[in-house]
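Please keep the sequence and the structure in view while reading.

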Amino acid sequence: MNITYYGHSCFGIEINGKYLLFDPFITHNELAKNIDANTIKADYILISHGHEDHIADAVSIAQRTGALVICNWEIHLWLKKQGIENIHPMNTGGKKMFDFGSVKCVKAEHSSSMPDGSNGGNPMGFVIESSDKNFYYAGDTALTYDMKLIGEYRHIDFAFLPIGDNFTMGVDNAIIATKFINCNDIIGMHYDTFGFIKIDKSEAIHKFKIQGKKLTLLEIGETIEKGANLIIS
Ligand code: NI
Ligand code: MN
């Protein structure tokens, strides 16, 4: 499983030769100037909620690639109005099998409106299970007790958690979330993109480390491979 960071909360994940793209926000991200959204591969685009910093490049990438867009019902209606037809609508609590593995939509404590102000439905996170690895993509969310259900539901190999604070949980709450989801291998997201969510990255990594947990903060454009499970000592 290969993971490429495109900035903010946008990751490309290759699972058994299929390309999943989460929350595409590239063209308007100052920090992602070196990424060309027109070259990103996608067989599936997963959208956690309707805010611009999660959806801005979704229409153009969906049009170019023909990727299947997985999102909530209301975002699906909005995308249809933008001319996108290859959409798989879901909603919180729902699970569906795809050719790369399964997607379960889980609760995110946040808000969701579309860039034009229309209803964006409820925000979601995703639990992805595959023959390779299982992971949790939290989307934008506060720390919530509901995350305990994720830890009880399945073994999560690694998780993408927001750590920028202000609009979502910050580093300290993300560390508590690792206990709820029972996963110590975290990839941080939703930090540094705007002034409101600037963080001290080395302090964040240190805070995880002294709790016996691992926080990975990828460079924009960097690809890592998730191979054998790491034992954090
Ligand atoms: Ni948001
Ligand atoms: Mn956001």
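## Contacts of Phe160

Two residues are said to be in contact when heavy atoms lie within 4.5 Å. The model is predicted. When neighbours within four places in sequence are left aside, the contacts of Phe160 include Ile3, Phe11, Ile13, Phe135 and Tyr136. Tyr137, Ala138, Ile187 and Met189 also belong to this set of contacts.

## Nonpolar cores

Which residues touch the most other members of the largest nonpolar core? They are Phe11, Tyr136, Phe160 and Leu161, in a core of 52 residues. Helix 5 (residues 171–181) gives the most to this core, namely 6 residues. Another core, of 25 residues, lies apart from it and has Leu21, Ala37, Ile55 and Ile84 among its members. In soluble globular proteins, nonpolar side chains tend to be buried together.

## Strand pairing

Strand 2 (residues 11–15) and strand 3 (residues 18–22) run antiparallel and are joined by 5 bridges. Within this pairing, Glu14 has Tyr19 of strand 3 as its bridge partner. The hairpin that the two strands form has 2 residues between the strands, and Asn16 there takes a positive phi near 50 degrees.

Strand 3 also pairs with strand 4 (residues 44–46); these two run parallel, with 3 bridges. Opposite Phe22 stands Leu46 in strand 4.

Which residues of helix 2 (residues 58–65) are buried? They are Ala58, Val59, Ile61 and Ala62. Their cover includes strand 3 and strand 4, together with helix 1 (52–55), strand 5 (68–72) and helix 3 (73–81). After helix 2 comes Gly66, which has a positive phi near 70 degrees.

Note on methods: Residues numbered from 1 in each chain as written. Chains lettered and ligands numbered in written order. Predicted model: local features only at pLDDT ≥ 70, side-chain atom pairs only at ≥ 80, totals over all residues. Heavy atoms only, no water. Pairing = 2+ DSSP bridges. Helix = DSSP H or I, 4+ residues; strand = E, 2+ residues; numbered from the N terminus. Buried < 20%, exposed > 50% of the residue type's maximum accessible area, 1.4 Å probe, protein only. Core = buried A, V, L, I, M, F, W, Y, C linked by side-chain atoms within 4.5 Å.
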